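Here is a protein model to read together. Take a look, then follow the questions.

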Amino acid sequence: MTQSELALLVLEDGTVFPGYAWGKRGRTLGEIVFSTGMTGYQETLTDPSYHRQIVVMTAPHIGNTGVNDEDPESKQIWVAGFVVREPARRASNWRSKRTLDEELIEQGIVGISGVDTRAITRHIRSHGAMRAGIFSGGALPAGAEHLTNQVRDALVRIVVDQPMMAGAALASEVSTKDTYVVKGEGEPVCRVVAVDLGIKSRTPEQLAQRGVEVHVVPNTVSFADIQALNPDGVFFSNGPGDPASADLEIELLRAVLDAGLPYFGICFGHQLFGRALGYGTYKLEFGHRGVNQPVKDLVTGRVEITAHNHGFAVDAPVGAPSVAPFDAGRYGKVEVSHIDLNDGVVEGLRALDIPAFSVQYHPEAAAGPHDGEHLFDRFVSMILASKEAN
């Protein structure tokens, strides 16, 4: 392999995977994680929750259907880098507008192909998600094709010099800067303020399909700003970063709960709900990412296949409802409503004394599965019940 074709995936523990330059040539840094989805790579790429992460796709063949203009979950690709075993040699789909390689180059995303993604995934599972870098083109030192100890050490130093994901506050880097409105379909049902912490486009669409007028606001919004919109409920979205760093968002959420506004949070919004209730959060060893994660609803006993993208989890007690620890039980009793069947991680919380609940997974998932879409109906029903009671 010539230097111009070579790309190196370098992990902070010194492990190096040589492959072929793909997408933009250059250097990119981020936390390396793996996604187990066999489809939906375009939605993965454009999910803001992947900001500052290098994503390894476990499915071996990526790019088959090219790139279209209908499926993105946001206005840009957010992944820091993309790792695949075998990119499709041609795109074949009636909606395809361009190839995945062309899209990566256009948006400046450095990738690597021709690597053993199964070996990379096993390494991450054994050693945990860690910092990594992809190097190709002019970012490779001279003689990199020989991978001497000197070359390896130089690249590892670059990798470990980047900040870790733990402690990272990233919502402001992906949130909208201006409020926008997604009109509800049919007869108006209610109005919801959605706080954008890295929201995906399908989320307000799901609410709008149920007649909800959705006002999507920046993560810097004040509670007074929310009140001025006269909402019937408040939603906190998914997003990247460490929930322990989101002090302002947690303060905002507590103001929402104190006002008695119905609340629904997903992913990052679930983690913030947990912290607002007084529970801790912790970093998972390698996280949950993909569209095939089994989650059990402990209330109904139903098992749903769900989409995930999270590296942190809420540390709440599973079992009988208990008083939420914040401020001597200010928010009453709470129960863990969902758990992951792979590892027992808390996947949902439900407050019993205030109108609020959350799930860690993505009920708006595209390209699927759609097992959790009923949660949007639950949120609307909660809002309507609250309006009737008041």
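**Reading the sheet and the core**

A: Gly81 faces Val110 of β8. This is a predicted model: local features need pLDDT of at least 70, side-chain atom pairs count only at pLDDT 80 or more, and totals for chains, interfaces and linings use all residues. Residues are numbered from 1 along each chain, and side-chain values use heavy atoms, without hydrogens and water.

Q: What do strands of a sheet pair through?

A: Backbone hydrogen bonds, either parallel or antiparallel. Here, pairing takes at least two DSSP bridges between two strands. Strands (E, at least two residues) and helices (H or I, at least four) are DSSP runs, numbered from the N terminus.

Q: How many strands form the closed barrel, and in which order?

A: Seven, in the order β1-β2-β8-β6-β4-β3-β9, with mixed pairing. From one strand to the next, the twist averages 35°. Angles run from 0 to 180 degrees between N-to-C directions of axes fitted to C-alpha atoms, for helices over the stretch in contact.

Q: Which strands does helix α3 touch?

A: Contact means heavy atoms within 4.5 Å. Helix α3 (residues 117-127) touches β1, β2, β3, β4, β6 and β9, at about 80° to β3. Helix α4 (residues 149-160) lies across β1, β2, β3 and β9, at about 125° to β9.

Q: Which residues touch the most other members of the largest nonpolar core?

A: Such a core joins buried Ala, Val, Leu, Ile, Met, Phe, Trp, Tyr and Cys residues through side-chain atoms within 4.5 Å; buried means under 20% relative accessible area (1.4 Å probe, protein chains only). Among its 36 residues, they are Val195, Phe236, Leu253, Leu257, Phe273 and Leu349. Helix α8 gives the most, five residues.

Note on methods. Buried < 20%, exposed > 50% of the residue type's maximum accessible area, 1.4 Å probe, protein only.
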